[in-house]
2 protein chains.
Amino acid sequence: MQRTQFGDMTCSIARTLDVIGEPWSPLILRDVWVGLTRFEQIQADLGISRKVLTERLNHLVDQGVFERRPYDARPRFEYHLTEKGTELVEMLMVMARWGDRWLAGSAGPPVLYRHHACGEIASVDPRCSRCGDPMHADDVDVLPGPGAAT
Amino acid sequence: MQRTQFGDMTCSIARTLDVIGEPWSPLILRDVWVGLTRFEQIQADLGISRKVLTERLNHLVDQGVFERRPYDARPRFEYHLTEKGTELVEMLMVMARWGDRWLAGSAGPPVLYRHHACGEIASVDPRCSRCGDPMHADDVDVLPGPGAAT
DNA sequence: ATTCGGGGTTCCCTGAAGGAACTCATGCTG
DNA sequence: CAGCATGAGTTCCTTCAGGGAACCCCGAAT
């Protein structure tokens, strides 16, 4: 085994990286999210090698992030988000906000997000699931949980 | 150029991946966040190759995610989060929540997060920066922004 | 003067990404 | 019906990045 596998680590971040951490995977997830669901569409959009795209799509289907849906009598498939995959998109939204804020430069953000509930252009704001107040990196203590290593 | 560079793409997710998307980088960020700030500590914790750790630390310092602080008369450094880096940790918190929810299994989450403001064990909840309602993958429309490609 | 320990640097080897050509099954066109 | 087009992979080769281990440098302690 050359490239280290993260999935065996006792860490939810490492395990998540084992699902989505390989090169290209987050961008493939983004494409499927915004409606580019077919092999050729994704390949053309990203300019990714066909071999690597095949590997990534299979891995994400195996992991339950995508499901394959036939759309033709021939064996032709579209990739769609599962519930597991839909929740993973929240990671992309946070990454997009950070990139908008720190890397977009004077041109401004390349895409905007309009929130259905209020109709406003907005970004995602991390809040505490208990009290609803802001929850940023400095606002938490990290404690060992039930699944901690011995 | 073999490995494709994402930084030139007109996409904040791709640009963010150019900063933090290489293998090991998110785990290095996690270590610095939780207080493992020295080369030897991080190397021992992750089992990463020293060569790759050197490359990643330099890259993250160059990108303004970490700053190098001397802690000795000798040239010894600790790595600390900048404001830019601190905000990037929010991505880790979202990844941790997803991993806790979908990958932790029966043992439960390996770590817990206690929110300072309310003192409760909690997780991070993505909400709209405008109206405060939940903001998940299906709750937004994606529109071209001012920095969109031609 | 010698050892130690932190923080790298150098080396080689293997495996993964890039790139382009090839395959295969089906549907359309003439 | 023959021939071409199309979507989705598959195969093959080359190049580069990660793993692993040894080596280096430099100030401090003994």
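Me: Which residues of α1(A) are buried?
Reply: They are S12(A), I13(A), A14(A), R15(A), T16(A), L17(A), V19(A) and I20(A). Buried here means that 20 or more other C-beta atoms lie within 10 Å of the residue's own; with 12 or fewer a residue is exposed, and in between it is partly exposed, with C-beta atoms placed from the backbone. By that rule α1(A) is mostly covered, with eight of its nine residues buried.

Me: What do the buried residues of α1(A) pack against?
Reply: They pack against α2 and α5 of chain A, together with α2 (25–33) and α5 (83–103) of chain B. Contact means that the C-beta atoms of two residues, placed from the backbone, lie within 7 Å.

Me: Before I go on, where do the numbers and letters come from?
Reply: Residues are numbered from 1 along each chain as its sequence is written, while chains are lettered from A and ligands numbered from 1 in the order in which they are written. This is a predicted model, where local features need pLDDT of at least 70 and side-chain atom pairs count only at pLDDT 80 or more, while totals for chains, interfaces and linings use all residues.

Me: Thanks! How many residues does each chain bring to the contact?
Reply: Chain A brings 70 residues and chain B brings 70 residues. On the chain A side, α1 (12–20), α2 (25–34), α5 (83–102), β3 (111–115), β4 (124–128) and β5 (140–144) each supply at least two residues. The most comes from α5(A), with 16 residues.

Me: And what classes of residue are on that side of chain A?
Reply: There are 42 nonpolar, 13 polar and 15 charged residues on the side of chain A that touches chain B. For this count, Ala, Val, Leu, Ile, Met, Phe, Trp, Tyr, Cys and Pro are nonpolar, Asp, Glu, Lys and Arg are charged, and the others, Gly among them, are polar.

Me: Do tell me about the core. Which residues have the most contacts inside the largest nonpolar core?
Reply: M91(A), L92(A), M91(B) and L92(B) do, in a core of 74 residues. A nonpolar core is a set of buried Ala, Val, Leu, Ile, Met, Phe, Trp, Tyr and Cys residues joined through C-beta atoms within 7 Å. Leaving aside residues up to four places away in sequence, M91(A) touches M91(B), V94(B), M95(B) and W98(B).

Me: Now strands. How many bridges join β4(A) to strand β4 of chain B?
Reply: Five, and the two strands (residues 124–128 in chain B) run antiparallel. Strands count as paired if DSSP finds at least two bridges between them. One bridge in this pairing puts R127(A) with D125(B).

Me: What about pairing inside chain A?
Reply: Strand β1 (residues 66–70) and strand β2 (residues 77–81) of chain A pair antiparallel over five bridges, with F66(A) partnered by L81(A). A hairpin of six residues joins β1(A) to β2(A). In chain B, β1(B) and β2(B) also form a hairpin with six residues between them, and P70(B) stands opposite F77(B).

Me: How are the two chains related, then?
Reply: A rotation of 180 degrees with 0.0 Å of shift along its axis superposes chain A on chain B, with an RMSD of 0.0 Å. The two copies are thus related as by a two-fold rotation axis. Within chain A, P126(A) comes closest to the axis, at 2.4 Å (C-alpha).

Me: Why do the copies meet through the same surface?
Reply: Because 99% of the interface residues of chain A are also interface residues in chain B.

Me: Last one: where is W24(A) found?
Reply: W24(A) is in the loop between α1 and α2 of chain A. Its phi is positive, about 85 degrees, although W24(A) is not a glycine. W24(A) is also buried, with 20 other C-beta atoms within 10 Å.

Key
Helix = DSSP H or I, 4+ residues; strand = E, 2+ residues; numbered from the N terminus. Least-squares fit on C-alpha atoms with pLDDT ≥ 70 in both.
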